[in-house]
Number of protein chains: 2
Amino acid sequence: MAIQKPSIPKGTRDFGQKEMARRNYIFDTIRSVFRTYGYQEIQTPAQENLSTLLGKYGEEGDKLLFRILNSGDAFGSVDFDRPLTPQVCEKGLRYDLTVPFARYVVQHQSEISFPFKRFQIQPVWRADRPQKGRYREFYQCDVDVIGSRSQVNELELVQMVDRVFGLLGVRVGIHINNRKVLTGFAEIAGAPDKVVDITVAIDKLDKIGLEKVKEEMADKGLQADGISVIEQILSLSGSFGEKLAAMRGLFNGGSASGIVSETGQKGLDELEELFGLIDAVGVSAPVEMDLSLARGLNYYTGAIFEVKALDWEIGSICGGGRYDNLTGIFGLPDLSGVGISFGADRIYDVLVGLDLFPASLETATTLLFAVMGADELRYTLPVAKALREAGVAVEVYPEAAKLKKQFDYADRKSIGFISINGSSEIEAGTVNIKNLRSGEQKAFPASDLDAILAFLK
Amino acid sequence: MAIQKPSIPKGTRDFGQKEMARRNYIFDTIRSVFRTYGYQEIQTPAQENLSTLLGKYGEEGDKLLFRILNSGDAFGSVDFDRPLTPQVCEKGLRYDLTVPFARYVVQHQSEISFPFKRFQIQPVWRADRPQKGRYREFYQCDVDVIGSRSQVNELELVQMVDRVFGLLGVRVGIHINNRKVLTGFAEIAGAPDKVVDITVAIDKLDKIGLEKVKEEMADKGLQADGISVIEQILSLSGSFGEKLAAMRGLFNGGSASGIVSETGQKGLDELEELFGLIDAVGVSAPVEMDLSLARGLNYYTGAIFEVKALDWEIGSICGGGRYDNLTGIFGLPDLSGVGISFGADRIYDVLVGLDLFPASLETATTLLFAVMGADELRYTLPVAKALREAGVAVEVYPEAAKLKKQFDYADRKSIGFISINGSSEIEAGTVNIKNLRSGEQKAFPASDLDAILAFLK
């Protein structure tokens with residue numbers, strides 16, 4: 001058999017030990033925060049029926065689904081005059097965690113206690129063109145609560161974001177918008193179908209200036225009255241309270257069009273309530289209203305969130321919002337929920353970029369017992385066992401190799417302590433431990449676990 | 001759009017919150033033990049190139065691979081006169097963790113410090129016929145060290161097994177065999193090609209008796225001299241030492257055939273060394289030599305392990321062995337390794353069967369703050385925050401629902417403590433906490449976190 005040079009599919013990755021230690025650090029931090037807020041983990045299978053996935057991510061998304069060839073004789077009873085793919089593939093790989101979550105809630109609704117607080121950390125697969133920072137397999141890390149319209153849920157998501165990045169040492173800014181306010185803008189501009197265009201325009205002011213924004217809106221078909229309204233929105237300034245008051249006026253018939261938007265007013269009520277709650281509980285990260293925030297626009301119905309690292313340029317590292325009809329496609333309407341998703345790969349890059357991974361992650365093994373011969377080996381094995389049962393990561397070099405080789409092994413693995421014992425230690429019943437960083441060396445009675453543990457700290 | 005009744009592909013599973021808490025308990029226990037022995041986690045992608053997977057699991061295994069349809073226009077340039085599957089599928093889902101591990105070691109050999117101690121806990125996929133206890137997606141949990149022939153590695157695997165099941169509270173028996181001894185038996189029976197037949201025969205003695213075993217061996221083509229040798233092997237009895245001495249005699253020309261087996265002798269040396277090491281360090285579980293153990297026979301070259309629960313009938317819950325040429329198929333020969341795999345699903349079933357999951361897993365949330373109104377909500381939010389930052393899992397009921405509903409929620413989620421605060425508590429600056437199991441109720445100054453934490457213990 002010819003020897004193959006092994007490789008993995010493009011857009012996929014192996015995670016070595018150092019990367020895994022770092023990834024686990026991120027996931028464990030996130031998980032620990034989720035748990036203190038009463039969120040619990042679920043997992044769904046990698047494969048879903050294509051009937052569950054298709055049509056949920058738009059036409060482009062359907063193309064990016066990885067499809068699984070039916071097992072057995074997939075082509076056995078195929079009609080070659082009809083399109084083949086639907087005949088030979090009934091299942092696909094999970095494309096995100098949202099649709100499987102909606103499917104899960106509907107399928108298991110009778111077992112679930114609402115409000116249902118769940119998180120899910122699993123890989124997803126997309127047949128995207130691989131490029132820097134974009135992979136065909138990557139982890140998503142979603143936290144959602146479904147079955148409650150209270151904005152306490154939005155507040156708690158903000159608090160969790162604040163806590164996670166606080167623990168990771170990453171300074172972030174939290175941006176909040178509300179879909180109903182954006183709808184309100186479009187309504188008072190007399191163009192309720194142009195929510196996206198108007199939001200994009202708001203976002204462009206700093207880059208292209210007022211005149212260009214107005215030109216662009218005209219190109220998009222907005223009438224003069226509508227353009228005047230956009231101008232009013234773009235001129236909003238001042239504190240959160242001042243902006244809020246100005247927007248109340250606009251939504252109340254005070255804009256150039258004179259149109260009243262109840263939806264817009266409702267959105268302002270929500271924003272005001274949420275910012276009030278955030279003030280009441282106190283959040284370390286700066287939280288700001290960001291009227292240009294438009295992610296997931298044909299999906300979110302209330303609050304919209306986005307989180308950016310303040311000291312590292314990488315775009316959004318976390319985001320989400322409230323949705324009112326996630327489970328409707330599977331036959332369970334009117335279940336409102338709100339959730340956010342942490343971008344693990346980007347958070348990883350930020351932590352690398354800012355050198356924020358704890359140094360302790362570099363060292364998996366605390367102590368290496370060097371081995372000089374069979375007697376020494378048997379002497380140290382029970383000591384190693386006792387230390388391991390006390391939770392210390394210990395290795396026993398598996399053979400009586402040259403000491404140089406054993407030291408090299410300790411060095412390559414950044415092991416901090418080495419224990420070398422010969423016949424004199426065996427006779428004295430001691431173990432000799434050297435701190436490889438400080439050079440300090442001490443002998444301990446082999447039975448004095450506490451003293452050894454203290455030295456290894 | 002027609003409403004779909006959602007479902008998942010057959011043979012796959014959703015894991016709800018209770019199941020995930022239990023599964024994580026198993027994986028976290030295993031992981032914590034692996035780490036104290038200096039093993040570190042890696043992960044490989046779910047998709048591997050079919051060139052990596054095909055031919056590694058036998059003809060049957062090839063059929064059970066899930067294949068991924070090529071993305072883009074898979075059928076665009078297909079030659080319909082040739083078999084279609086290889087033309088439209090280049091990738092498949094991981095079938096086990098062993099082949100990806102071998103691929104990983106070869107691909108990353110220049111970055112790896114040998115001996116390389118890794119573990120891997122990831123799902124694998126097989127297009128098997130689903131049945132009770134057999135799934136198309138299931139987790140494997142593998143631990144291997146590669147690049148060392150020392151039996152200290154075998155010892156440490158035995159120790160890890162002992163420790164894991166000790167922590168889980170499952171009494172197990174550890175069975176050990178050695179492939180070289182089985183080869184030795186076949187050699188002295190004059191039938192080196194009949195290792196499997198002879199091992200199967202040894203295993204059947206208890207069930208079918210000596211005469212039937214001899215008949216079966218004759219049917220398999222074993223000569224009279226060979227059958228006499230089998231009879232000698234089957235008559236082995238006594239302590240480990242006595243059996244070992246008897247086998248030494250057989251391998252040294254003392255059998256009915258008079259044939260000498262150096263391989264068999266080498267196998268005995270290995271067994272003797274390993275049992276000596278196990279004795280030296282001390283292992284809680286009973287460890288026994290089991291000459292009928294034959295798992296992975298065309299694969300293992302030295303020690304073979306199998307672990308069974310003593311108090312629950314379910315077959316092997318953990319097993320493995322030493323292999324000498326795992327990476328040879330990918331061009332890196334002569335790299336010896338040894339590993340074991342924990343069967344997470346079966347271990348789960350044993351823990352359910354023996355009622356060994358800790359009761360604490362039932363309770364995800366420690367304390368629920370009931371909410372009576374907006375003022376009460378704002379009053380409790382900072383207390384909830386402080387408790388969460390101290391690591392307590394706390395929920396704040398998201399709306400001012402009827403108390404009955406909030407108590408029901410606490411009950412359904414097995415929440416142990418509830419805190420109900422009204423205007424008098426706000427005035428006094430206290431929080432009122434009730435232990436829902438004991439009925440005990442106490443008021444604490446809202447700022448006295450230590451006292452509250454002590455009450456929640």
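Which residues of helix α1 of chain A meet helix α6 of chain A, and at what angle do α1(A) and α12(A) pack?

Mentor: The model before us is a predicted one. Helix α1 of chain A covers residues 17–36, and helix α6 of chain A covers residues 152–168. The axes of these two helices come within 9 Å and cross at roughly 140°. That angle makes α1(A) oblique to α6(A), and their crossing is right-handed. On the side of α1(A), the residues that meet α6(A) are A:Tyr25, A:Thr29, A:Ile30, A:Val33 and A:Phe34. Their partners in α6(A) are A:Met160, A:Arg163, A:Val164, A:Leu167 and A:Leu168. Sorted by class, this contact has eight nonpolar residues, one polar and one charged.

Helix α1(A) also packs with helix α12 of chain A, which spans residues 344–353. Here the angle is about 110° and the axes are 10 Å apart. The two helices are therefore roughly perpendicular to each other, and α1(A) passes α12(A) in a right-handed crossing. From α1(A), the contact draws on A:Glu19, A:Arg22, A:Arg23, A:Tyr25, A:Ile26 and A:Phe27. From α12(A), it draws on A:Ala344, A:Asp345, A:Ile347, A:Tyr348, A:Leu351 and A:Val352. The residues of this contact divide into eight nonpolar, no polar and four charged. A:Tyr25 deserves attention, for it takes part in the contact with α6(A) and also in the contact with α12(A).

A:Glu156 forms a salt bridge with A:Lys117, and the closest N and O atoms are 3.6 Å apart. This pair links distant parts of the chain, since A:Glu156 lies in helix α6 of chain A and A:Lys117 in strand β5 of chain A, 39 residues apart. Strand β5 of chain A comprises residues 116–125, and A:Pro115 is placed in the loop between α5 (98–107) and that strand. The peptide bond joining A:Phe114 and A:Pro115 is cis, with omega about -5°. Chain B has a cis peptide bond from B:Phe114 to B:Pro115, with omega near -5°. A:Asp334 has a positive phi of about 60°, although it is not a glycine.

In the contact between the two chains, 101 residues of chain B touch 101 residues of chain A. The area buried between them is about 8700 Å², and carbon and sulfur atoms give 54% of it. Eight salt bridges are found across this interface, while the count over all chains comes to 59. A salt bridge also joins B:Asp14 to A:Arg103, with the closest N and O atoms 2.6 Å apart. To return to your question, α1(A) is oblique to α6(A) and roughly perpendicular to α12(A).

Definitions and conventions. Residues are numbered from 1 along each chain as its sequence is written. Chains are lettered from A and ligands numbered from 1 in the order in which they are written. This is a predicted model: local features need pLDDT of at least 70, side-chain atom pairs count only at pLDDT 80 or more; totals for chains, interfaces and linings use all residues. Side-chain values use heavy atoms; hydrogens and water are left out. Axes are lines fitted to C-alpha atoms, for helices over the stretch in contact, and angles run from 0 to 180 degrees between N-to-C directions. Helices (H or I, at least four residues) and strands (E, at least two) are DSSP runs, numbered from the N terminus. Angles under 35 degrees count as roughly parallel, over 145 as roughly antiparallel, 65 to 115 as roughly perpendicular and the rest as oblique. A crossing is left-handed if the near helix is turned anticlockwise from the far one by less than a right angle, and right-handed if clockwise. Contact means heavy atoms within 4.5 Å. Ala, Val, Leu, Ile, Met, Phe, Trp, Tyr, Cys and Pro count as nonpolar, Asp, Glu, Lys and Arg as charged, and the others, Gly among them, as polar. Buried area is the accessible area (1.4 Å probe) that two parts lose on being put together, summed over both. A salt bridge is a side-chain nitrogen of Lys or Arg within 4 Å of a carboxyl oxygen of Asp or Glu.
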